[in-house]
Amino acid sequence: MVVSDNGTELTSNAILKWQEDRKVEWHYIAPGKPMQNDFVESFNGRLRDECLNEHLFANLRHVRELIAAWRDDYNHHCPHTSLDGLTSWEYHQRSIEDQRLNRAN
């Protein structure tokens, strides 16, 4: 399921056709209620505050480089309270280990 606001970028005919062709459920949040999509809103705010608002971009290549560096830091070095203080990478590794243990049992 995809959860989005009612923005024009996500109501285009191309997106609606893609969703229909792949039988993906789509849930629109109520207008003016970003808290209904809090995970994305939280991430977008963090990306904006920690990366986009901190730099002036010279060109698209520069944007891609800075966002790639920010994403690496966010996923590999930044602990997340929602993951009990683990980084996304640590959480992923623990999940893989748990899956191996479950298969062995």
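The protein chain contains 4 helices and 2 strands, where helices (H or I, at least four residues) and strands (E, at least two) are DSSP runs numbered from the N terminus. Read from the N terminus on, the order of these elements is β-α-β-α-α-α. The model is predicted, and for that reason local features need pLDDT of at least 70 and side-chain atom pairs count only at pLDDT 80 or more, while totals for chains, interfaces and linings use all residues. Residues are numbered from 1 along each chain as its sequence is written, and side-chain values use heavy atoms, with hydrogens and water left out.

Of the 105 residues in the protein chain, 18% are buried, a class that means under 20% relative accessible area, as against exposed at over 50% and partly exposed in between (1.4 Å probe, protein chains only). The accessible surface of the protein chain is about 8400 Å², and carbon and sulfur atoms hold 52% of that surface; such areas come from the Shrake-Rupley method with a 1.4 Å probe, and for residues only the protein chains shown count as cover. Among the contacts in the protein chain with a separation of 6 or more, 26% are between residues 24 or more positions apart, a contact being heavy atoms within 4.5 Å.

The structure holds 3 aromatic pairs, which are rings of Phe, Tyr and Trp (its six-membered ring) with centres within 6.5 Å, counted as stacked if the planes are under 30 degrees apart, edge-to-face if over 60 and tilted for the rest. In one of them, the ring centres of F43 and Y74 are 5.5 Å apart and the planes stand at 75 degrees, so this pair is edge-to-face. The pair links distant parts of the chain, with F43 in helix 2 and Y74 in helix 3, 31 residues apart. Ring pairs also join F43, W70 and Y74 into a cluster.

The table gives the relative accessible area of selected residues.

| Residue | Relative accessible area | Class |
|---|---|---|
| C51 | 1% | buried |
| C78 | 13% | buried |
| Y74 | 15% | buried |
| F43 | 34% | partly exposed |
| P31 | 69% | exposed |
| K23 | 72% | exposed |
| D84 | 74% | exposed |

A search of the whole structure finds 0 disulfides, the criterion being a pair of cysteine sulfur atoms within 2.5 Å.

T87, in the loop between helix 3 (60-76) and helix 4 (88-104), is buried at a relative accessible area of 6%, and touches N75, H76, H77, C78, P79 and H80, not counting residues up to four places away in sequence. D84 is found in the loop between helix 3 and helix 4 as well, and its phi is near 55 degrees, a positive value in a residue other than glycine. K23, placed in the loop between helix 1 (13-21) and strand 2, likewise has a positive phi, near 55 degrees. P31 lies in the loop between strand 2 (26-28) and helix 2 (38-50), and its C-alpha atom is separated by 7.0 Å from that of D5, 26 residues apart along the chain.
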